[in-house]
Amino acid sequence: EVVYKQFGETKKIKGDKLISAIPNTLLRFVEISPVFSPEKTKIIKQMGYGSLSRLTFQINKRYWMEQGFNGFGYTDIGAEIWHPTFDKEAARGLLQLYLYGTASQLVSSMTPTQQENYGINQINRVFPGLKNYLEGVYAHCWDNDPWARGASRTIHPGQVVEFHLNMSRAEGNVHFAGEHTSTYTAYMNGAIESGIRVAKEVNES
């Protein structure tokens, strides 16, 4: 039985099986009765999550191509620059600054204006002139996302076997999916892989 609130109203759902794809950053705050096994509880409470932020810049001209660049790059602050519209023919396009680790944590603590200025300065170090063609900026910091509170799972030395195997293992009629239960973490591939695994588990149990 699952009890939840929707638009302030308490609701309940009952079923023979339950599939949880909730990241552990949120699952550790969900009231569970009866409680999971000590092994599962330990993983839910201790599994780490990496910090990731993405700043997307909409520009009216792919100026970097005139400089002889393709729109992809790396920086020395722990960030990557992506050009997701590389296969589009229009003059306008997008540049994305992906920040992880310490750089992402820094951006996550900034105001929207600070994030924009920081991102522009970082991209200008690789592809100078961004501000001259900028139309808009969108920032998403997974640390600040109330439904994520972090990007993807991180497993530290000494945790790999215990955390990976036990996180994906069912607890009675509760099954677990999501990138944090997969061998292909941090990407949709892992979420799909885990969904196929759990569908088979439920079907065969």
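Buried means under 20% relative accessible area, exposed over 50%, and partly exposed in between, with a 1.4 Å probe and protein chains only. Residues are numbered from 1 along each chain as its sequence is written, and side-chain values use heavy atoms, leaving out hydrogens and water. This is a predicted model, in which local features need pLDDT of at least 70 and side-chain atom pairs count only at pLDDT 80 or more, while totals for chains, interfaces and linings use all residues.

**Exercise 1.** Find the salt-bridge partner of Lys14 and say whether Lys14 is buried or exposed.

*Solution.* Start with the term: a salt bridge is a side-chain nitrogen of Lys or Arg within 4 Å of a carboxyl oxygen of Asp or Glu. The structure holds six of these. For Lys14 the partner is Glu1, with the closest N and O atoms 3.7 Å apart. Finally, both Lys14 and Glu1 are exposed.

**Exercise 2.** Work out which parts the salt bridge between Glu135 and Arg92 ties together.

*Solution.* First look at the pair itself: the closest N and O atoms of Glu135 and Arg92 are 2.9 Å apart. Then locate each one: Glu135 belongs to strand β9 (residues 134-141) and Arg92 to the loop between β7 (79-82) and β8 (93-100), so the bridge joins parts 43 residues apart in sequence. Last, check the surface: Glu135 is partly exposed because its relative accessibility is 41%, and Arg92 is partly exposed because its value is 45%.

**Exercise 3.** Describe how helix α2 packs with helix α5.

*Solution.* Begin with the geometry: α2 (residues 38-46) and α5 (residues 160-167) pack at an angle of about 110 degrees, their axes 10 Å apart. Axes are lines fitted to C-alpha atoms, for helices over the stretch in contact, and angles run from 0 to 180 degrees between N-to-C directions. The two helices are therefore roughly perpendicular, a label for 65 to 115 degrees (under 35 is roughly parallel, over 145 roughly antiparallel, the rest oblique). Now find the contact (heavy atoms within 4.5 Å): α2 contributes Glu39, Lys40, Lys42, Ile43 and Gln46, and α5 contributes Glu162, Phe163, Asn166 and Met167.

Technical notes
Helix = DSSP H or I, 4+ residues; strand = E, 2+ residues; numbered from the N terminus.
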